[in-house]
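Have the structure open beside you, and try each task before you read its solution.

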Amino acid sequence: MTTATMKRSLLAAAIASCLTVSVDGSCSFCSQGLTVDGSTAVPNSGGQDCASLLEFAPSLEADEFLCDASKEAESLCCPGGGEPDQPEEPDQPEPDQPEPNQPDQPDQPENVDVPEEQQPGEEVSPETEDTAEEEEACVVCGSGLTVPETTSYGRRTCAQVLLDAAATTADTNRCNNIKQAEGTCCPPPAEDPCQFCADGLTVGEDTAAGQVTCGQAKADAAITESDSNICGRIQSLEETCCPGPASDPCPVCPDGLTVDEYTVISQAQGTTCGGLISDALNVESDSNRCNNMLGAEEVCCPGESDGCPVCVDGLTVDESTVLDEGRGRTCATLLEDALETDPDSNRCNNMKRSEAVCCPPPAEDPCPVCPGGITVDGATPVTDERTCDNLVSDAMLVESDDDVCESMLGLMETCCPEGS
């Protein structure tokens with residue numbers, strides 16, 4: 001493969017893979033504009049046309065190899081350096097008008113170049129013999145990458161490093177500089193590799209584990225010595241990447257999915273209903289993570305019902321009563337969520353536990369706070385968080401012989417001073 005062909009192939013691969021970046025230097029391509037139709041196809045470019053190359057070139061540095069490869073298409077896209085096409089002058093004299101004072105010559109085919117190496121009496125030029133050696137490409141990671149192609153090396157990825165090397169001549173300073181990436185892109189296997197998920201991953205390779213994925217962690221372990229500090233950090237990710245089966249698995253959608261397994265739960269985290277079911281097998285049912293998983297049942301296995309029967313007779317406390325301050329859940333939001341929850345789901349069972357807070361039964365002998373009613377504005381505060389209205393409603397849930405009742409009676413002077 002000639003250098004020109006190789007560069008064109010690399011250019012096509014770079015465009016197809018969207019490997020361009022914004023740079024300060026600018027590659028000049030057809031600076032005077034195209035002189036052919038923009039849809040003119042460029043051979044050996046992976047289906048690109050002149051218009052796409054004109055748009056692509058400015059994103060390259062002027063001294064970058066892909067810029068040189070792009071400029072080879074100028075002869076097709078803007079012949080004449082970008083100037084409008086001019087009528088070509090005939091290259092040969094009229095065949096019936098031989099030049100004066102020249103003997104007649106046998107007719108020769110026009111515009112046929114005889115290769116230099118075939119000229120009679122001439123030897124092959126040393127420069128021609130050296131061409132193959134001059135075009136020998138820089139070899140980086142000759143046995144292939146030992147890390148994912150997307151691994152970063154400075155501003156570029158390891159995949160881009162290999163493209164740079166293929167377009168660089170061997171035994172040059174540029175080649176030597178590129179070879180420095182081998183420590184990142186193709187480090188040798190460790191003599192005693194770090195043991196990580198010895199029986200394999202039990203989650204997807206793209207599962208996030210800290211700042212890397214489980215696939216990346218597995219690749220890093222293969223090039224990390226077992227007695228290094230890095231090995232310990234990698235092994236700490238096993239709980240995420242290869243957890244063992246739970247003794248009491250989280251019962252997510254016990255009757256199976258009622259939607260497609262590829263249904264997305266969280267676009268940001270990349271979780272799907274199919275992944276939820278497989279992950280649940282490794283999560284204990286009494287864990288916080290299980291509770292979070294159960295919340296996805298309404299997406300992955302929704303049922304047709306009137307909702308979860310929570311506090312069916314209504315709230316017996318103020319609807320702003322807080323259940324979970326961190327998540328902003330109150331008794332009011334409990335009832336809203338219950339309407340959209342399958343009554344046979346584990347989530348519904350968890351919701352019913354909040355009834356003790358949001359709709360506790362009235363006391364058999366309620367605390368007698370303001371028996372004649374409030375004689376001030378009900379919004380009058382009695383504490384930082386409670387009002388007179390709250391005091392009276394709360395008292396209905398407290399037995400008269402309870403210590404809490406005694407405290408409530410001490411607040412009557414604020415809410416019903418005339419009847420206390």
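**Exercise 1. Find the buried residues of H16, then work out how they are arranged around the helix.**

*Step 1.* Start with the ground rules. This is a predicted model, in which local features need pLDDT of at least 70 and side-chain atom pairs count only at pLDDT 80 or more, while totals for chains, interfaces and linings use all residues. Residues are numbered from 1 along each chain as its sequence is written, and side-chain values use heavy atoms, with hydrogens and water left out.

*Step 2.* Locate the helix. H16 covers residues 331–338; helices (H or I, at least four residues) and strands (E, at least two) are DSSP runs, numbered from the N terminus.

*Step 3.* Pick out the buried residues, where buried means under 20% relative accessible area, exposed over 50%, and partly exposed in between (1.4 Å probe, protein chains only). In H16 these are Cys-331, Leu-334 and Ala-338.

*Step 4.* Look down the axis of H16. The buried residues fall within an arc of 45 degrees, so they line one face of the helix. The arc is that of the directions from the helix axis to the C-beta atoms.

*Step 5.* Ask what this face meets. The buried residues of H16 pack against strand E7 (322–324), strand E8 (329–330), helix H17 (346–352) and H18. Contact here means heavy atoms within 4.5 Å.

**Exercise 2. Which cysteine is joined to Cys-331, and which parts of the chain does the pair tie together?**

*Step 1.* The test used here is a pair of cysteine sulfur atoms within 2.5 Å.

*Step 2.* Apply the test. Cys-331 is joined to Cys-358, with an S to S distance of 2.0 Å.

*Step 3.* Cys-331 lies in helix H16 and Cys-358 in helix H18 (residues 355–358), so the bond ties together parts that are 27 residues apart in sequence.

*Step 4.* Check handedness and burial. The S-S torsion of Cys-331 and Cys-358 is about -90 degrees, so this disulfide is left-handed. Cys-331 has a relative accessible area of 0% and is buried; Cys-358 is also buried, at 0%.

**Exercise 3. The structure holds 17 disulfides. Describe the one between Cys-50 and Cys-77, then the one between Cys-388 and Cys-415.**

*Step 1.* In the Cys-50 and Cys-77 pair, the sulfur atoms are 2.0 Å apart. This bond links distant parts of the chain, with Cys-50 in helix H2 (residues 50–56) and Cys-77 in helix H4 (residues 74–77), 27 residues apart.

*Step 2.* Its torsion is about -80 degrees, so the Cys-50 and Cys-77 disulfide is left-handed. Cys-50 counts as buried at 0% relative accessibility, and so does Cys-77 at 0%.

*Step 3.* Now turn to Cys-388 and Cys-415, where the S to S distance is 2.1 Å. Cys-388 sits in helix H19 (residues 388–395) and Cys-415 in helix H21 (residues 412–415), 27 residues apart.

*Step 4.* The torsion of the Cys-388 and Cys-415 bond is about -90 degrees, so this disulfide is left-handed. Both cysteines are buried.

**Exercise 4. How many salt bridges does a search of the whole structure find, and which residues form them?**

*Step 1.* Begin with the idea: side chains of opposite charge can pair when their charged atoms come close. A salt bridge is a side-chain nitrogen of Lys or Arg within 4 Å of a carboxyl oxygen of Asp or Glu.

*Step 2.* The search finds three. Take Arg-347 and Glu-298, whose closest N and O atoms are 2.1 Å apart. Arg-347 is in helix H17 and Glu-298 in helix H15, 49 residues apart.

*Step 3.* Look around Glu-298, which counts as partly exposed at 35% relative accessibility. Leaving out residues up to four places away in sequence, Glu-298 touches Glu-340 and Arg-347.

*Step 4.* Asp-164 pairs with Arg-156, with closest N and O atoms 2.9 Å apart. Asp-164 is buried at 9%, whereas Arg-156 is partly exposed at 22%.

*Step 5.* Arg-386 pairs with Asp-394, at 2.7 Å between the closest N and O atoms. Arg-386 is partly exposed at 26%, whereas Asp-394 is buried at 17%.
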